[in-house]
Amino acid sequence: MNTLERIRSGLDALTPSEARVAAALLDAPDALVQSSITDLAEVAGTGIATVVRCCQRLGFSGYQEVKLGLARDLGPRSGSGGAGGTDAVAEPREHFERVGREITAAGATLDRQAFEAAVGAVSAAHEVLVVGFGTSASVAMDVAYRLQLLGVRTQHRSDPHQAHIVAASLSADDVCFAVSHTGATRETLLCATSADGAGATVIGLTSYHRSPLADVAHHVLATGIRGLQINLALGDGAPELPTVSRLTHLVIGDAIVAAIAARDRDSADGRYALNHQVMAEHML
């Protein structure tokens, strides 16, 4: 039984509001594979919590599992930006070119005012907590590391429980920098929501302009990537999205650090000189 069949078979057990969610999934599965949970809630005329309950009542862990199932069932689509199986391996240069075009296009969607506000918040923060899990974990770690090199007091916790505790302990002088490609990762949202409740400024770095993280964040750095899909590594036509989203978010992290450094070049130069001196001890 594929995903659509599972949804159809469970319709009788749904409440009216949950049934609207299921109907939306059945009516436009192709479009919803590339949409956020917020988008689906709006299409169904209901809330995010109802979407989650509907998915769970149908036997899924949540909306992301439904999206994965739909993407797997629907198979690769033409125009997704991926290359035919062997071509992707045989022509790495073309892959680089495609990824480069996608990153440029994604960067063009970044809200300049939101970016400047995020830079200002990080610059003025007493402490910055950077959180990100799953495929966003490497981005969060890199952002935290680069901020530390610049002299920004930064915390990063790879364990979601520890990160949640630190987030709840922040103050109005602090910033929670949350990274989530989907903007719907439960652990990241818990940290962002707790940080917001503690009075801290929340910056959300995500690929979806409309997402639960965007709803929580005070400053949203969203990079709408063309042809958003789930990469299932299914062979022909498998998109390079995870690479594109991570690289795009890394570039934004670099841009934030560069903008902060530009605000006080003398201080930044001093920090970087010290970093080079320390790192020289680790080189042969």
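Colleague: Which side chain does a polar contact of 2.9 Å join to that of Glu127?

Modeller: A polar contact is a pair of N or O atoms within 3.5 Å; within protein, one must be able to donate a hydrogen and the other to accept it, and residues adjacent in sequence count only if both atoms are side-chain atoms. Here the partner of Glu127 is Gln155, at 2.9 Å. The Gln155 side chain also has a polar contact of 2.9 Å with that of Arg157. This is a predicted model: local features need pLDDT of at least 70, side-chain atom pairs count only at pLDDT 80 or more, and totals for chains, interfaces and linings use all residues. Residues are numbered from 1 along each chain as its sequence is written, and side-chain values use heavy atoms, with hydrogens and water left out.

Colleague: In which strand does Gln155 lie?

Modeller: Strands are DSSP runs of E, at least two residues; helices are runs of H or I, at least four; both are numbered from the N terminus. Gln155 lies in β2, residues 154-156. The protein has 15 helices and 5 strands.

Colleague: Why does Gln155 count as buried?

Modeller: Buried means under 20% relative accessible area, exposed over 50%, partly exposed in between (1.4 Å probe, protein chains only). Gln155 counts as buried because its relative accessibility is 17%. Of the 284 residues, 43% count as buried.
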